[in-house]
Amino acid sequence: MNTSIYRNLGMELVRVTEAAALSAAAFMGTGDKEGGDKAAVDAMRAVLKSVDMHGVVIIGEGEKDEAPMLFNGEKVGNGNAPRLDIAVDPVEGTRLLAYGRPNSIAVIAASPEGSMWDPGPSLYMDKIVVEKAAGEAIDITAPAADNLHNIAQALHRHVTDLTVFVLDKPRHTKLIEEIRSTGARISLHTDGDVMGALMAAVPGTGVDVLMGIGGTPEGVISAAAVKALGGGMQAMAAPQLAAEKEALAADSTFLPNQVLQLNDLIHSDDAFFAATGITSGSFLEGVHFDRAGGVTTHSIVIRAITGSIRHIKGIHQLNPEHVFGEQTK
């Protein structure tokens, strides 16, 4: 699937993530996960209506967490060409936002119709992500130690120089032990593996590898960013919930040991990815409410077919209580 889209749609999609971030930022540190998520969903849906495209949501938000959502199959955009598959996460890191922690972001990805992998009932997947130079060195079926040695060799570095992004979850106890046994360093995070994948795929961020089990929707969104950056990624289904395991067992198309390559997740060369920081992190600044009444956002926009990466700092002359779409607070 290589249908070309003859404009950088990412420059329009970043308006969507900016709106979501601006609306969600009012909930920073309030402890209200659902309120921040709903504000971002409402904003994203409202601004998507004006984008010149015929989009269908393949990866919606909220199903795993029973949160407000842009649902799978929802049509977005104004109905004009191009026809696109859409993946969204209006607040990646709802807990990070609710408790005022770093690296909460608003995210959207797009690719030509039929090019985005539909995970069906899969909610969790194992993932490994690296930058372009190590893209051929990874094997998700191999032990973590073997991967780290191969990645270090591909990057012409020592294993002890590598930093691995891992979600701080009980399911990763053995993974963390294995990484530590190699001498590699670990950056543990409670949430936010889209940001982790983004940092792993971009050289020089201080994160060299993402490893471990996270959300399947986040995995597909991450794939769009990694594809656009030319990085390396592999994934495998890793069901964690009883209902998820039952649903996958009943799915005749599900292959439990299938290794998903980057081109399986996004099989088009014209993928777009946009993200806006909500709470500040080491890679994207969060929403800042300035003394003069302006609101500042920091976003990244990536397009695969051209390899363009844009960092956009927006200064919005908005009332701090401004929201997009329905009133949320």
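**A walk through the model**

Reader: Is T17 buried or exposed?
Author: A residue is buried under 20% relative accessible area, exposed over 50% and partly exposed in between, with a 1.4 Å probe and protein chains only. T17 has 0% relative accessibility, so T17 counts as buried.

Reader: What is the mean pLDDT of the chain?
Author: This is a predicted model, in which local features need pLDDT of at least 70, side-chain atom pairs count only at 80 or more, and totals for chains, interfaces and linings use all residues. Residues are numbered from 1 along each chain as its sequence is written, and side-chain values use heavy atoms, with hydrogens and water left out. pLDDT is the predictor's confidence in each residue, from 0 to 100. In this chain 91% of the residues reach 70 or more, and the mean is 90.

Reader: In which helix does T17 lie?
Author: Helices (H or I, at least four residues) and strands (E, at least two) are DSSP runs, numbered from the N terminus. Leaving out residues up to four places away in sequence, T17 touches M44, A106, V107, I108, A274, A275 and T276. The helix that holds T17 spans residues 10-24 and is α1.

Reader: What is the volume of the second largest pocket?
Author: On a 1 Å grid over the protein atoms alone, a pocket is an open set of points where a 1.4 Å probe fits, with protein on both sides within 12 Å along at least five of seven lines; lining residues have an atom within 4 Å of a point. Points are joined across faces, edges and corners, and a volume is the space filled by probe spheres set on them. The second largest pocket is lined by 16 residues, of which D126, I140, A144, L175 and G212 lie nearest its centre. Its volume is about 240 Å³.

Methods:
Contact means heavy atoms within 4.5 Å.
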